[in-house]
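This report goes through selected features of one chain, element by element. The sequence and the structure come first.

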Amino acid sequence: MAELNAEMPLGDALFDYDQSVIRDDAQAVLRANADYLERWGTTRVTVEGHADSRGTNEYNLALGDRRAQAVRDYLATLGVAADRILPVTRGEESPQCTTEDEACWQSNRRGHFVFTAK
């Protein structure tokens, strides 16, 4: 699993500030992810919902949960079985970037995929 996760064949879905709505650019990423998951029908993933550092920890955990659920639900509309996707929240706890500017905050507002089974 470590090797597959290191390859990162599934792209992150980025979100707007304080939102859990799937953006147009994220839809394209998630369609490509759904195609990959269709080809590899036995894989299972966790989708981690992340938030930037603004807001309280409690709020960001709830926002991360909404983002992870939104990604799972969107993939389900594309035909990926929802039971193959476990949504979890990371809130602001696992930032991809720690600089306090918009570019960094944007990279932290994401739904990120981790493979859990082949």
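## Strand pairing

Six bridges join β2 to β4, and these two strands run antiparallel; strands here are DSSP runs of E of at least two residues and helices are runs of H or I of at least four, both numbered from the N terminus, and two strands pair if DSSP finds at least two bridges between them. The chain passes from β2 through α3 to β3 in a β-α-β crossover that is right-handed, a term meaning that, with the strands pointing away from the viewer, the path from the first strand over the helix to the second runs clockwise.

Six of the seven residues of β2 are buried, which leaves the strand mostly covered; buried means under 20% relative accessible area, exposed over 50%, and partly exposed in between, with a 1.4 Å probe and protein chains only.

## Basis of the values

The model is predicted, with local features needing pLDDT of at least 70 and side-chain atom pairs counting only at pLDDT 80 or more, while totals for chains, interfaces and linings use all residues. Residues are numbered from 1 along each chain as its sequence is written, and side-chain values use heavy atoms, with hydrogens and water left out.

## Helix α2

Helix α2 comprises 16 residues (residues 24–39), which should span 22 Å at 1.5 Å a residue, and the 23 Å between its end C-alpha atoms agrees with that; the expected span is 1.5 Å times one less than the number of residues. Its buried residues are Ala26, Leu30, Asn33, Ala34, Tyr36 and Leu37. Seen down the axis of α2, these buried residues fall within an arc of 160 degrees, so they line one face of the helix, the arc being that of the directions from the helix axis to the C-beta atoms.

The elements that cover the buried residues of α2 include α1 (2–7), β1 (13–14), β2 (44–50), α3 (57–77) and β4 (110–117), where contact means heavy atoms within 4.5 Å. On the face turned away from the buried side, α2 carries the exposed residues Asp24 and Arg39.

## Loop residues

Asp52 is placed in the loop between β2 and α3, and it counts as buried because its relative accessibility is 3%. Leaving aside residues up to four places away in sequence, Asp52 touches Tyr17, Asn60, Glu92, Trp105, Asn108 and Arg109. The side chains of Asp52 and Arg109 are also joined by a polar contact of 3.2 Å, that is, a pair of N or O atoms within 3.5 Å, of which, within protein, one must be able to donate a hydrogen and the other to accept it, and for which residues adjacent in sequence count only if both atoms are side-chain atoms.

Thr98, in the loop between β3 and α4 (102–108), counts as exposed at 64% relative accessibility. Thr98 and Ala62 are 36 residues apart in sequence and 20 Å apart in space, C-alpha to C-alpha.

## Positive phi angles

Met8, in the loop between α1 and β1, has a phi near 50 degrees, a positive value in a residue other than glycine; with a relative accessible area of 48%, Met8 is partly exposed. Asp18 lies in the loop between β1 and α2, and its phi, near 60 degrees, is again positive in a residue other than glycine. The relative accessible area of Asp18 is 35%, so this residue is partly exposed.
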